[in-house]
Amino acid sequence: MRKILFQTLARAPLTEPAPDPDDPELAGLAAEIKSAAQARLGRSLAIRHVDAGSCNACELEIHALSNAFYDIERFGLKFVASPRHADVLLVTGPVTRNMQEALRRTYDATPAPKWVVAAGACALDGGLYAGSYACLGGVAAAIPVDLHIRGCPPTPATFLKGLLALMTKSA
Amino acid sequence: MPSLTQALADAQGSHPSRPWPRRVVTRDLWRDLARQLGDGLWTLAGLWGEPGMVHMALLDAANREIAVASLACADRKFPSVGAHHAPAIRLERAIQDLFGYAPVGAPDSRPWLDHGKWPTRAPLGAREPALGAPAPYAFLAAEGEGLHQIPVGPVHAGIIEPGHFRFSASGETIVRLEERLGYAHKGVEALIAGALLERAARLAARVSGDSTVAYSIAFSQAVESALGLAAPPRAVWLRALMAELERIANHFGDIGAICNDASFALIHAHTGVLRERVLRAAQACFGHRLMMDIAAPGGICADLTPAGEALIRRLLAEIRAAFPALVGLYDNTASLQDRTVGTGALALELARQYGCGGFIGRASGRSFDARRDFAYAPYDELTFEAPVLAEGDVNARVWLRIREVDESLRLIDQILDRLPSGEIRVGIAGAGEPREGLALIEGFRGDILAWVRLGADGAVERCHLRDPSWFQWPLLEAAIEGAIVADFPICNKSFNCSHSGHDL
């Protein structure tokens, strides 16, 4: 173990610089909610993830945010274990009817002020699953959404752009 | 002992299903097959419905045969398979929820996927209006002095899929774990019925995101079998390349996450780097980090360039340079071994009974790998081993993954060395008549069964995709019995069953 630790110390870090939120739509949305978010929360966000019926691809990429390349915590972004500790709900999936109540309860358990970020193509409008008897068709059909991060799944860089836009992008 | 073909020889009608037969059976023969499943003659490979019919896919491991038995259920009833063979119980409950067909004599009549939240009951069958507020789900009882229940989920503390676990515990000891799944049910089978091939392939690729390559291959191969055409050799070999990259990436993720659940973050950090390198290579070579929608009916949609090939060779060298030290660290850290050795042991008998595939089955001694046992191209031309261990504990499931990473690296070497040149995709068109096809593909998690019926125009009439998790989830309940509650996360991670693939 010592050898691995020393090798790690001797190498340059893998962590990459932060991406710019270059998507104009994303920047616009973020600008709307930015001032309120920054005034109340400073430069730190506690994120609670809720899988509302995703295929698990979004979760894999959310996990990747914590690896050495993206190192999300250096931006003050932190995944927390309970909605009661969260500022932001990061919701994936088309919102299955079987998850609707759990999502609503998670939202209600999150103290205000709070923001909801819907991530992935199916979280926007149901995507491929739109019209299914088993899905509501997007997060906005269940709880109010503040920001949407596109992609199927969004890459970690896209996730990072969206979340950073929520925190730091000024109008 | 008769072979599966002999057992089905008396069946009335044969359907042109390829490459394995589908036969319509009588109620009596259906019951006989169910009993034979219970006696261990066959392995259950799938049980699903369609309007007016139920189908049962059987695997004859000794003779390496697969066959589908179909039973008409005009009166909305069929003899329960679960009454004789426990692994069928949840599949039957799903058929009852989706189609409204009752398994007669079934040991468990509770709903499974239907939580009473859909606008209709039997959405793929008679589509009856919902009954209103459902009764609370009746969890199985565990009785005794001092027993208490711990409900967990469907929203969990980590970044994981939704499911509910109900623990009955005596102090710290788990007396019973009962899973309640279905939260991720999206109605994929209804959406895919009637869909054009392109949309159907996209839905299939998203049954379980971590296995997107394997699902795309399974769906494509079933479609190609149905139409009696073959994807070009280069496409078939590149599919295998992507499948092995997917396997390696997932195994890295799992090995790290299991160690992380034992609070050993160092291995997690390093396997996370290796996983990210695989995904970046996939992005550079195929244009998508998870290689989603690259394999498609007729071939693949992105070719590997010489630069891409060089990139993958560099990736292999990098993994070979870094991984052995992590394996050594795992093997030599007593505090980590203390958590994994002997924890969550799964008995071989159960793995066999349930036809439990993938690293879970193989870590318990069930030697089955669809790549070897149903050697589909290009694995019939490749040299590899399907490692098997006997202990069946968390440690064995970690080691199985480690060994499989090595095997996948060897496979990728061979694929790159012998990669055929030529076309990567052929056109797909309807056959002018309905056609059926089956495929059994080894994903990283285990064998995925795909069955598809195409209409005369080539659109998908019906499609069923059976995730390996159907035969793994129930075994987690068995493996955790008698363990302490604190060992559940590490056990669960070592199984890493899919919610989305199971809930469909």
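Q: In chain A, what share of the contacts with a separation of 6 or more comes from residues 24 or more positions apart?
A: Start with separation along the sequence. This is a predicted model. In chain A, 83% of the contacts with a separation of 6 or more join residues 24 or more positions apart.

Q: Which pattern does chain A follow along the sequence?
A: Count the elements, then read their order. Chain A has 6 helices and 5 strands. The pattern runs α-α-β-α-β-β-α-β-α-β-α. As for burial, 50% of the 171 residues in chain A are buried.

Q: How many bridges pair strand 4 of chain A with strand 5 of chain A?
A: Look for the bridges between the two strands. Strand 4 (residues 115–119) of chain A pairs with strand 5 of chain A over 3 bridges, in the parallel sense. One pair to find on screen is A:Ala119 with its bridge partner A:Ile149 in strand 5.

Q: Now chain B. Do strand 4 and strand 5 of chain B run parallel or antiparallel?
A: Check the direction, then the turn. Strand 4 (residues 43–50) and strand 5 (residues 53–60) of chain B are antiparallel and joined by 7 bridges. In one of these strands, strand 5, B:Met56 is the bridge partner of B:Leu47. The two strands make a hairpin with 2 residues between them. B:Gly52 in that turn has a positive phi of about 85°.

Q: Why is strand 4 of chain B called largely enclosed?
A: Count its buried residues. For strand 4 of chain B, 8 of 8 are buried, so the rest of the structure largely encloses it.

Q: At what angle do helix 7 and helix 8 of chain B pack?
A: Now the pair. Helix 7 and helix 8 of chain B pack at about 160°, and their axes are 8 Å apart. Angles over 145 degrees count as roughly antiparallel, so helix 7 of chain B is roughly antiparallel to helix 8 of chain B. Their crossing is left-handed.

Q: Which residues meet where helix 7 and helix 8 of chain B touch?
A: List each side. Helix 7 of chain B gives residues including B:Leu245, B:Ile248, B:Ala249 and B:Phe252. Helix 8 of chain B gives residues including B:Thr271, B:Leu274, B:Arg275 and B:Val278. By class, this contact has 15 nonpolar, 6 polar and 1 charged.

Q: Is B:Ser263 buried or exposed?
A: Take position, backbone and surroundings together. B:Ser263 sits in the loop between helix 7 and helix 8 of chain B. Its phi is near 60°, positive in a residue other than glycine. B:Ser263 has 11 other C-beta atoms within 10 Å, so it is exposed.

Q: And is B:Met291 buried or exposed?
A: Apply those steps again. B:Met291 is in the loop between helix 8 and strand 14 (295–296) of chain B. Phi of B:Met291 is near 60°, a positive value in a residue other than glycine. B:Met291 has 27 other C-beta atoms within 10 Å, so it is buried.

Q: What covers the buried residues of helix 16 of chain B?
A: First see how much is buried. Helix 16 (residues 488–495) of chain B is mostly covered, with 7 of its 8 residues buried. Among them are B:Phe488, B:Ile490 and B:Phe495. The cover includes helix 7 (233–261), helix 10 (334–340), helix 12 (358–363), helix 14 (394–418) and helix 15 (473–480) of chain B. Just after helix 16 of chain B, B:Asn496 has a positive phi of about 40°.

Q: Where do the cis peptide bonds at B:Pro19 and B:Pro378 lie?
A: The bond between B:Arg18 and B:Pro19 is cis, with omega about -5°. B:Pro19 is in the loop between strand 2 (17–18) and strand 3 (22–24) of chain B. The bond between B:Ala377 and B:Pro378 is also cis, with omega about 0°. B:Pro378 is in the loop between helix 13 (370–373) and helix 14 of chain B.

Q: How many residues of chain B are in contact with chain A?
A: Count both sides. 42 residues of chain B are in contact with 38 residues of chain A. On the chain B side, helix 8 (265–286) is one of the elements that give two or more residues. Helix 8 of chain B gives the most, with 5 residues. By class, that side has 22 nonpolar, 12 polar and 8 charged residues.

Notes: Residues numbered from 1 in each chain as written. Chains lettered and ligands numbered in written order. Predicted model: local features only at pLDDT ≥ 70, side-chain atom pairs only at ≥ 80, totals over all residues. Contact = placed C-beta atoms within 7 Å. Helix = DSSP H or I, 4+ residues; strand = E, 2+ residues; numbered from the N terminus. Nonpolar A, V, L, I, M, F, W, Y, C, P; charged D, E, K, R; others polar. Buried ≥ 20, exposed ≤ 12 C-beta atoms within 10 Å, placed from the backbone. Pairing = 2+ DSSP bridges. Axes fitted to C-alpha atoms, helices over the stretch in contact; angles between N-to-C directions. Parallel < 35°, antiparallel > 145°, perpendicular 65-115°, else oblique. Left-handed = near helix turned anticlockwise from the far one by under 90°.
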